[in-house]
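Subject: Structure handover and notes

Hello,

My notes on it follow below.

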Amino acid sequence: MGNVIVIGAGAAGMMAAGTAAKNGNNVQVFERNPISGKKIYITGKGRCNVTNNSDVDNFINNIPQNPYFLYSALYGFTNEDTVEFFESLGVKTKVERGNRVFPVSDRAADIALALERNMKRNGVAVHYNSRVKEVIIKDGRVRGIRLENGREFLSDAVIIATGGLSYPGTGSTGDGYDFARKCGHSVTKLVPSLVPLRAEEEWCKELMGLSLKNVAIVLKDEKGKRIYEDFGEMLFTHFGVSGPIILSASCHITNLGEKKAYLYIDLKPALDFKALDQRILRDFEKFINKDFNNALDELLPKKLIPVIIRLSGIDGFKKVHDITKDERKKLCMLIKALPLTITGDYGFGQAVITRGGVAVDEINPSTMESKIVKGLYFAGEVIDCDAYTGGYNLQIAFSTGFAAGSSVCSEED
């Protein structure tokens, strides 16, 4: 047992601190913000998607970046362990669509406060408004930390759990990457991920705020190669698109640069082309004497109809009984593959997570300890691992935090 310092009181840091203290270590946490878990409070639109109610194989399939590095950590502290952990702290959970797990209260604050309680009951000392300037290394091992104000705190181990670059307003400004580099670690390219996408088409502005449920998307690169597909919910914004399936799609186009990508939205994925055509024919028969403008109310959201009519090239004042088979075919094609030209993303300011981080081949996957510096550990988003939406990223934070906290000072030096 020994003296442990954790840098960062986010999801990974608090889990690591509470676990290390429970194992008998003297643990101090240094947090630059005046409160713990600042980013947790805004996750899941303030509801906090804690984890996902699925097996480890499904987790691996939802982690596009270095999934196999996380095998040991995910088995060491599973999603079931996460649910049991929070229930033991008085936070009941529920499972929603997509196996997403939320607190019954729908309050992200309950998750943050539970992690705080766990630290407190295990005797962790938390120093708020305390920004770490550097990790002290001597003779190839950790000796402690130095704060911005010059104060030094000695320790046998340091766990870096500072988060990434996403939502910089919460204090995630990349400090952990700087610490890692100065300790001799490699840091891979850092880009925003799980981030809303910008689109070239001006009509997105007309649809701002429109949420579409149960739609399918296909994302293709400039050469027409299919790079991602998904089904679920999305949202139109002033400059493009967002929502769960869009955020997950963004993982695959984090290095667009001057290039473009192409998004195709299937507004009626439950109907194949022929079935959709039959459905439109039935609607046209029902509204046989109406203008085309007024014949799509039962098929599409009201806000979307003017855009679809304009893009179809069909005169909105044309009587539906005069619409030709070819025009109807074009309408079907549009509904099955509404096209958007993706030109970029909204950056770290609106990114849920950071893609990139401390290179995983320099970290022991079982313990999260550095292979370069003795007594140095990493947990959470600072590591080069990230996942899609659905509770997977918070589970990574909990699992890696638990692994670090369980392993720290567990062996004689």
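**The parallel sheet**

Strands β1 (residues 3-7) and β10 (residues 157-160) run parallel and are joined by four bridges. Two strands count as paired if DSSP finds at least two bridges between them. Helices (H or I, at least four residues) and strands (E, at least two) are DSSP runs, numbered from the N terminus.

A word on the source. This is a predicted model, where local features need pLDDT of at least 70 and side-chain atom pairs count only at pLDDT 80 or more, while totals for chains, interfaces and linings use all residues. Residues are numbered from 1 along each chain as its sequence is written, and side-chain values use heavy atoms, with hydrogens and water left out.

I5 stands opposite V158 in β10. V6 has I159 of β10 as its bridge partner.

Which way do the residues of β10 point? A157 and I159 point one way, V158 and I160 the other, and all are buried. Buried means under 20% relative accessible area, exposed over 50%, partly exposed in between (1.4 Å probe, protein chains only). In a regular strand, side chains alternate between the two faces of the sheet.

The whole sheet is open and has five strands, in the order β6-β2-β1-β10-β19, with parallel pairing. β6 (125-127) and β19 (376-378) are the edge strands; each has a single partner, so one side of each lacks a neighbour in the sheet. From one strand to the next, the twist averages 20°. Helix α1 (residues 11-22) packs on this sheet and touches β1, β2 (26-30) and β10. The direction of α1 makes about 165° with that of β2. Axes are lines fitted to C-alpha atoms, for helices over the stretch in contact, and angles run from 0 to 180 degrees between N-to-C directions. Contact means heavy atoms within 4.5 Å.

Helix α6 spans residues 175-182, and its buried residues are D175, G176, Y177, F179 and A180. What covers them? The cover includes β1, β7 (132-138), β10, β18 (353-355) and β19. Just after α6, G184 takes a positive phi of about 95°.

E369 sits in the loop between β18 and β19. E369 is buried, with a relative accessible area of 14%. Leaving aside residues up to four places away in sequence, E369 touches E362, I363, N364, K374, G375, L376 and Y377.

**The antiparallel sheet**

A three-strand open sheet has the order β3-β5-β4, with antiparallel pairing. β3 and β4 are at the edges, each with a single partner strand, so one side of each has no neighbour in the sheet.

Two bridges join β3 (residues 51-52) to β5 (residues 100-103). In β5, T51 has V101 as its bridge partner, and N52 has R100. β4 (residues 93-96) pairs with β5 over four bridges. V95 of that pairing stands opposite V101 in β5. β4 and β5 form a hairpin with three residues between them. G98 in the turn has a positive phi of about 75°.

**Cavity**

How many cavities of 30 Å³ or more are there? The count comes to one. A cavity is a set of points on a 1 Å grid over the protein atoms alone where a 1.4 Å probe fits but cannot get out; lining residues have an atom within 4 Å of a point. Grid points are joined across faces, edges and corners, and a volume is the space filled by probe spheres set on the points.

The largest cavity has a volume of about 40 Å³. Its lining is S54, D55, V56, F59, L74, T78, N79 and Q395. That lining divides into three nonpolar, four polar and one charged residue. Ala, Val, Leu, Ile, Met, Phe, Trp, Tyr, Cys and Pro count as nonpolar, Asp, Glu, Lys and Arg as charged, and the others, Gly among them, as polar.

**Overall numbers**

The protein has eleven helices and 19 strands. Of its 413 residues, 56% count as buried. The C-alpha atoms fill a box of roughly 85 × 45 × 35 Å, taken along the principal axes. Among contacts with a separation of 6 or more, 72% are between residues 24 or more positions apart.

Best wishes

Notes: 1 Å grid on protein atoms, 1.4 Å probe; cavity = no way out; pocket = protein on both sides within 12 Å on 5 of 7 lines; lining within 4 Å.
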